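Reader: Before I use any of the terms for this model, I would like to know which rule stands behind each of them. Could we go through them one at a time?

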Amino acid sequence: MKLSQLLENVKHSGFTRDVEVLDVTQDSRQVKEGSLFVCIAGANFDGRAVAEEMLEKGAAAVVSDYDLGLFNQIIVENTRLAYSLICANFFGNPAKKLKLIGLTGTNGKTTTTFLVKQILENSGKRVGLIGTVQNMIGSEAYPAKFTTPEPYELQKLFAQMVEADCEYCVMEVSSQALAQGRVAGLEFEIGAFTNLTQDHLDYHKTWENYFNSKRILFEHCKTAVTNADDKYGFEIVKELPCKVVSYAINTNSADYVAKNVQFKASGVEYQLVGELIGKVNCPIPGRFSVYNSLCAATIALTLGISFDSVLTAISKSNGVKGRIEVVPTPGKNFTAIIDYAHSPDGLENIISSLREIAPKRVVTLFGCGGDRDRTKRPLMGKIAAELSDFCIVTSDNPRSENPSSIIEDILEGMEGVSTPYTVVENRKDAIRWAIQNAQEQDIILLAGKGHETYQILPTGTIHFDEREAVAEILAEEK
């Protein structure tokens with residue numbers, strides 16, 4: 001592809017020669033003969049520092065946000081935004097051939113995207129999915145590195161979806177992706193908002209930055225579907241030109257309302273009240289499952305899917321790996337549940353939901369991630385202690401931090417709360433302790449890891465799957 005084609009709709013200067021470009025990358029390690037190298041300044045590496053070296057290596061041209069004094073340089077105002085537009089051009093702007101449905105919010109994105117995909121497929125649509133657990137093209141699943149991929153991988157996925165005759169793409173849109181311009185240039189059929197609570201302040205630094213990053217999605221959607229029960233539900237779409245459709249449990253003024261909600265161990269039931277009224281049976285337990293299924297239903301109904309098809313599809317949902325996932329414990333009289341809850345609000349939601357269905361104790365095993373927002377550690381400790389009957393404080397993904405230091409931060413929040421707890425730093429040993437000390441009809445919540453099958457330690461990344469850990473520990477007892 002000619003360089004001029006790649007730069008369509010990209011404001012730039014400094015372009016002198018219309019060379020042939022064979023590939024596009026922001027990764028200096030991927031540069032080869034004929035590559036276009038986009039210089040992005042990251043937290044640990046500044047691509048501008050190696051721009052001249054990349055040209056010597058054979059790059060067709062480099063893109064920078066200021067004049068590097070080099071031949072074959074393109075100067076743009078923002079290299080992250082330019083990279084997204086260039087990648088879209090490189091793959092032929094495939095997103096324009098898809099109906100994009102983007103979901104943002106602190107919690108609920110993953111489950112809701114899966115529910116939307118299942119509803120659309122139940123109506124005969126061909127659907128792609130992009131998110132935290134995995135990416136999907138129809139029924140084919142692919143590993144996901146980020147919640148929202150970097151622009152090159154994202155546009156490649158769109159292109160593959162178009163090739164596979166997908167009509168829709170349902171995707172999680174993270175605050176980091178929005179802040180970094182990974183979805184720049186995309187127009188969403190629907191942008192949906194789940195909720196907003198503290199998370200990712202290690203990256204965004206301030207609450208205002210976090211909120212404004214989320215808001216970007218709704219500046220680029222035709223219709224916003226928003227949670228009227230969340231205090232930011234209407235604030236996030238305030239004074240924007242998109243149409244707004246709302247859903248809620250606690251207010252009757254929303255477009256779609258869940259009424260007569262019943263919580264059961266097998267799931268949730270409620271009356272969905274909109275233009276029509278129907279009974280929703282969602283086989284995923286917990287109060288947040290009402291919000292997730294209600295958001296998914298509102299999205300689907302807004303897209304024109306029939307009311308009956310929506311209700312039927314939700315009732316057949318299989319849930320999502322790592323989201324209130326029941327782990328087999330054959331022959332035992334307690335229940336083990338894995339959930340990805342790793343923020344204060346996420347932990348509060350899952351424990352509160354389990355309390356509504358727990359016959360006896362809720363035992364919460366949890367930790368906090370290293371190299372992330374430290375301020376949420378005592379908050380999570382306080383929430384777990386106040387809502388659980390017993391806590392097991394352990395390690396999550398400590399990354400480069402000392403696990404014991406993270407645990408000390410958590411324990412600060414548990415001071416003054418009478419709930420008993422124990423500390424077992426090694427996560428597998430902590431799970432072993434939970435199983436060996438379980439009481440009849442306990443619900444043991446393994447919070448924080450969810451779908452992950454690894455653990456990031458100061459010494460490196462190891463394989464760690466909590467499902468396997470539970471099975472191995474139970475096998476040891478036989």
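Author: A cavity, found on a 1 Å grid over the protein atoms alone, is a set of points where a 1.4 Å probe fits but cannot get out, whereas a pocket is an open set with protein on both sides within 12 Å along at least five of seven lines; a lining residue has an atom within 4 Å of a point. The model is predicted, with local features needing pLDDT of at least 70 and side-chain atom pairs pLDDT 80 or more, while totals for chains, interfaces and linings use all residues. Residues are numbered from 1 along each chain as its sequence is written, and side-chain values use heavy atoms, without hydrogens and water.

Reader: What makes Trp433 and Asp442 part of the lining of the second largest cavity?

Author: Each is listed as lining it, together with Arg361, Val363, Ile392, Ala434, Asn437, Ala438 and Ile444, so each has an atom within 4 Å of a cavity point. This cavity has a volume of about 30 Å³, a volume being the space filled by probe spheres set on points joined across faces, edges and corners. By class its lining has six nonpolar, one polar and two charged residues, where Ala, Val, Leu, Ile, Met, Phe, Trp, Tyr, Cys and Pro count as nonpolar, Asp, Glu, Lys and Arg as charged, and the others as polar.

Reader: How many cavities of 30 Å³ or more are there, and what lines the largest cavity?

Author: There are two, and the largest holds about 40 Å³ of space. Its lining consists of Gln26, Ile40, Arg80, Tyr83, Ser84, Glu150, Pro151, Gln180 and Arg182, which divide into three nonpolar, three polar and three charged residues. Helix H3 gives the largest share of that lining, three residues; helices (H or I, at least four residues) and strands (E, at least two) are DSSP runs numbered from the N terminus.

Reader: Why is the pair of Phe390 and Trp433 called stacked?

Author: Rings of Phe, Tyr and Trp (its six-membered ring) pair if their centres lie within 6.5 Å, and planes under 30 degrees apart count as stacked, over 60 as edge-to-face and the rest as tilted. By this rule the count comes to five aromatic pairs. The centres of Phe390 and Trp433 are 5.5 Å apart and their planes stand at 15°, so this pair is stacked. Phe390 lies in strand E19 (residues 390-393) and Trp433 in helix H14 (residues 427-436), so the pair ties together parts 43 residues apart in sequence.

Reader: Which elements give two or more residues to the lining of the second largest pocket?

Author: That pocket has a volume of about 290 Å³. Of its 19 lining residues, Asn93, Lys96, Gly185, Leu186 and Glu187 are the closest to its centre. The elements are helix H3 (79-90), strand E5 (99-104) and strand E10 (188-193), and H3 gives the most, with three residues.
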